[in-house]
Amino acid sequence: MTSANVPKGLAHLLQQLPQTGRLEWIGIRPARGELMQRCAESTITVGGGLAGDRFKGRADSKRQVTLIQAEHLPVIASLLHRQTVGPELLRRNLVVSGLNLLALKGRQFRIGEVVLEMTGLCHPCSKMETTFGAGGYNAVRGHGGITAKVITGGQIRDGDSVQVLEEPN
């Protein structure tokens, strides 16, 4: 076996994320308890999150933007014995495909002009029982996505690429 064929250590593998994702959906909650509204584009500000979203912003908040993987939507639907589950029902701001969001732990990433940093997991809330009925909370559990803070604000649009930054800005 040559050195080129030697498996890399786990620490090295955790730092490798060559895939590029894609922004599939943008949503805002205009007020508490209201339905999510889909947007084709949005402005995101440091400490303020998405323009028009009910999040009013705190520079130190770890939950300025919420993200979920598009690939998890069919899984949640299957667990609920439904054909589909729309992203607006899960109350996340951004739906991303093609990139494992959990691999962003401790990392900064770019979507359009915006730089975000993963701050944690986005666990489901009790509203999932109201939205989906009995078992809704547990169907989303483990598939709820991530939270992020805004490092650099700017514009995002449907179809923007999602890329991990090698070095922080």
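A: What follows goes through strand pairing, the nonpolar cores and one serine.

A: This is a predicted model, in which local features need pLDDT of at least 70 and side-chain atom pairs count only at pLDDT 80 or more, while totals for chains, interfaces and linings use all residues. Residues are numbered from 1 along each chain as its sequence is written, and side-chain values use heavy atoms, with hydrogens and water left out.

Q: Okay, which strand pairs with strand 5 over three bridges?
A: Strand 9 (residues 146-152) pairs with strand 5 (residues 65-69) in the antiparallel sense, where strands are DSSP runs of E with at least two residues, numbered from the N terminus, and pairing takes at least two bridges found by DSSP. Val 65 stands opposite Ala 148 in that pairing.

Q: And how many bridges join strand 8 to strand 9?
A: Six bridges join them, again antiparallel, and Leu 121 stands opposite Ile 146.

Q: Switching topic, which residues have the most contacts inside the largest nonpolar core?
A: They are Leu 67, Leu 94, Phe 109, Ile 111 and Leu 116, in a core of 24 residues; a nonpolar core is a set of buried Ala, Val, Leu, Ile, Met, Phe, Trp, Tyr and Cys residues joined through side-chain atoms within 4.5 Å.

Q: Is Ser 61 buried or exposed?
A: Ser 61 counts as buried because its relative accessibility is 5%, and buried means under 20% relative accessible area with a 1.4 Å probe, protein chains only.

Q: Where is Ser 61?
A: Ser 61 is in the loop between strand 4 (49-50) and strand 5, and a polar atom of its side chain lies 3.1 Å from the backbone nitrogen of Arg 63.

Technical notes
Helices (H or I, at least four residues) and strands (E, at least two) are DSSP runs, numbered from the N terminus. Buried means under 20% relative accessible area, exposed over 50%, partly exposed in between (1.4 Å probe, protein chains only). A polar contact is a pair of N or O atoms within 3.5 Å; within protein, one must be able to donate a hydrogen and the other to accept it, and residues adjacent in sequence count only if both atoms are side-chain atoms.
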